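I opened this model to look up a few local features. My notes follow in the order I took them.

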Amino acid sequence: MQLKFLLLGLATTFAASSAFAQQTLETIGVPVDGGTGFQPAATELARDLQWLDGMILIIITAIVLFVTALLAYCIVRYNRRANPNPSSFTHNTPLEIAWTVGPILILVFIGAFSLPVLFKQQEIPEGDLTIKVTGYQWYWGYEYIGEDLAYDGYMIGSPFTGGDNRLTPEVEAQLTEAGYQKEDFLLATDTAVVVPVGKTVVMQVTGADVIHSWTIPAFGVKQDAVPGRLAELWFTAEKEGVYFGQCSELCGLAHAYMPITVKVVSEATYDAWLEASKNEGGYVDVRTLLTN
């Protein structure tokens with residue numbers, strides 16, 4: 001009998017653990033202390049940008065080494081001791097042509113790879129869903145176009161959520177309750193942009209007061225939110241998880257306290273979340289709907 005109750009208890013614990021695991025999304029797009037590289041690319045755009053950055057870094061490094069070598073050679077070969085009688089010429093036509101044509105060819109080479117990436121970013125495809133995002137001092141407002149769903153996203157710990165932009169025990173408790181860690185302070189918001197994995201998302205970006213900027217580094221997207229103008233960006237997230245971003249335009253006193261949280265979920269979970277949020281008339285925590 002005792003063995004039966006023991007097995008029952010273990011089964012109950014396992015079921016509870018499984019349910020908790022189903023409500024957890026991996027945090028992928030997050031800054032790392034001491035990190036010097038990019039966040040893991042979660043979109044094709046981000047991969048293209050990171051590859052382009054690496055290629056240009058190689059070119060820049062080669063140029064720096066070449067120029068440094070030339071300077072070192074000139075210092076050694078043409079100093080006063082080694083060359084007491086300097087030449088008096090003022091022009092060298094082949095050399096002048098070389099240092100004019102060389103940089104042009106380098107720039108053309110870089111442009112041949114960078115322009116396609118730029119066009120890919122700026123040519124907005126037809127989206128599977130469209131979300132209008134509005135920057136306010138200092139939070140973000142989201143509206144799912146055609147779905148009758150709109151809500152605001154405030155930083156956990158901001159005055160809008162009962163804090164004062166400081167990490168306190170109360171704020172830490174709010175983070176834990178929302179499924180975040182203490183380290184996610186200044187990044188996590190009380191609501192999140194929820195999108196389906198593998199679907200093209202078009203974000204219409206504008207500002208209500210001053211210029212803000214909606215940015216998700218792991219997606220390779222950044223777009224200024226200018227009052228009176230409606231700009232667009234797009235992305236297709238390739239992996240489920242939690243991704244963080246922040247306003248990347250100096251917008252005022254609390255600029256540092258308007259982060260962005262995006263949760264990428266399965267299409268089935270997204271459909272269930274969207275329906276539940278519309279029925280509730282506002283944002284529903286997607287963790288309650290996550291499934292394996």
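**Aromatic pairs**

I started with the rings and found 17 aromatic pairs in the structure. The model is a predicted one, and I kept that in mind throughout.

I picked Tyr-139 and Tyr-154 to look at. Their rings form a tilted pair, 4.7 Å centre to centre, with 40 degrees between the planes. Tyr-139 sits in strand β3 and Tyr-154 in the loop between β4 and α4, so this pair ties together parts 15 residues apart in sequence. I checked burial, and both Tyr-139 and Tyr-154 are buried.

Tyr-139 also pairs with Phe-160. That pair is edge-to-face, with 5.2 Å between centres and 65 degrees between the planes. The pair links distant parts of the chain, 21 residues apart: Tyr-139 in strand β3 and Phe-160 in the loop between β4 and α4.

Phe-160 is at 45%, so I noted Phe-160 as partly exposed.

Next I asked what Phe-160 touches, not counting residues up to four places away in sequence. The list is Trp-138, Tyr-139 and Tyr-154. Ile-104 is 56 residues away in sequence, and the two C-alpha atoms are 53 Å apart.

The peptide bond from Gln-137 to Trp-138 is cis, with omega near 0 degrees. Trp-138 lies in the loop between β2 (129-136) and β3 (139-144).

I then looked up two residues with positive phi. Asp-148 has a phi of about 55 degrees, although it is not a glycine. Asp-148 lies in the loop between β3 and β4 (149-153). Asn-165 is not a glycine either, and its phi is about 65 degrees. Asn-165 belongs to the loop between β4 and α4 (169-177).

Which of these is buried and which is exposed? Asp-148 has a relative accessible area of 76%, so Asp-148 is exposed. Asn-165 has 19%, and the cut-off for buried is under 20%, so Asn-165 is buried.

**Core**

I turned to the largest nonpolar core, which has 55 residues. Which members touch the most other members? They are Tyr-144, Trp-214, Phe-219, Val-262 and Trp-273.

I listed the contacts of Val-262, leaving aside neighbours within four places in sequence. Val-262 is in contact with Val-193, Val-195, Trp-214, Ile-216, Phe-219, Gly-241, Val-242 and Tyr-243. Of these, Trp-214 and Phe-219 are named with Val-262 among the core residues that touch the most other members.

**Asp-190**

Asp-190 lies in the loop between α4 and β5 (193-196). Its relative accessible area is 35%, so I put Asp-190 down as partly exposed. Ala-178 is 12 residues from Asp-190 in sequence, and their C-alpha atoms are 7.3 Å apart. Leaving aside neighbours within four places, the contacts of Asp-190 are Asp-152, Gly-153, Tyr-154, Ile-156, Thr-161 and Tyr-283. Tyr-154 is the ring partner of Tyr-139 from my first entry.

**Helix α3 and the annotated span**

Last, I checked the record. An unreviewed UniProt entry places "domain: Cytochrome oxidase subunit II transmembrane region profile" at residues 30-125. In the model this span is 67% helix and 0% strand. Its end C-alpha atoms lie 27 Å apart.

I ran a length check on α3 (residues 93-122). At 1.5 Å a residue, its 30 residues should span 44 Å, and the end C-alpha atoms are 42 Å apart, which agrees. The helix does bend: I found about 30 degrees at Ala-112, and Pro-116 follows within four residues.

I looked up burial in α3 too. Ile-110, Gly-111 and Val-117 are buried. What do the buried residues of α3 pack against? They pack against α2 (44-77).

Notes: Residues are numbered from 1 along each chain as its sequence is written. This is a predicted model: local features need pLDDT of at least 70, side-chain atom pairs count only at pLDDT 80 or more; totals for chains, interfaces and linings use all residues. Side-chain values use heavy atoms; hydrogens and water are left out. UniProt positions are given in the numbering used here, feature names are shortened, and annotations may be inferred rather than shown by experiment. The expected span of a helix is 1.5 Å times one less than its number of residues. The bend at a residue is the angle between axes fitted to the seven residues ending there and the seven starting there. Buried means under 20% relative accessible area, exposed over 50%, partly exposed in between (1.4 Å probe, protein chains only). Contact means heavy atoms within 4.5 Å. A nonpolar core is a set of buried Ala, Val, Leu, Ile, Met, Phe, Trp, Tyr and Cys residues joined through side-chain atoms within 4.5 Å. Rings of Phe, Tyr and Trp (its six-membered ring) pair if their centres lie within 6.5 Å; planes under 30 degrees apart count as stacked, over 60 as edge-to-face and the rest as tilted.
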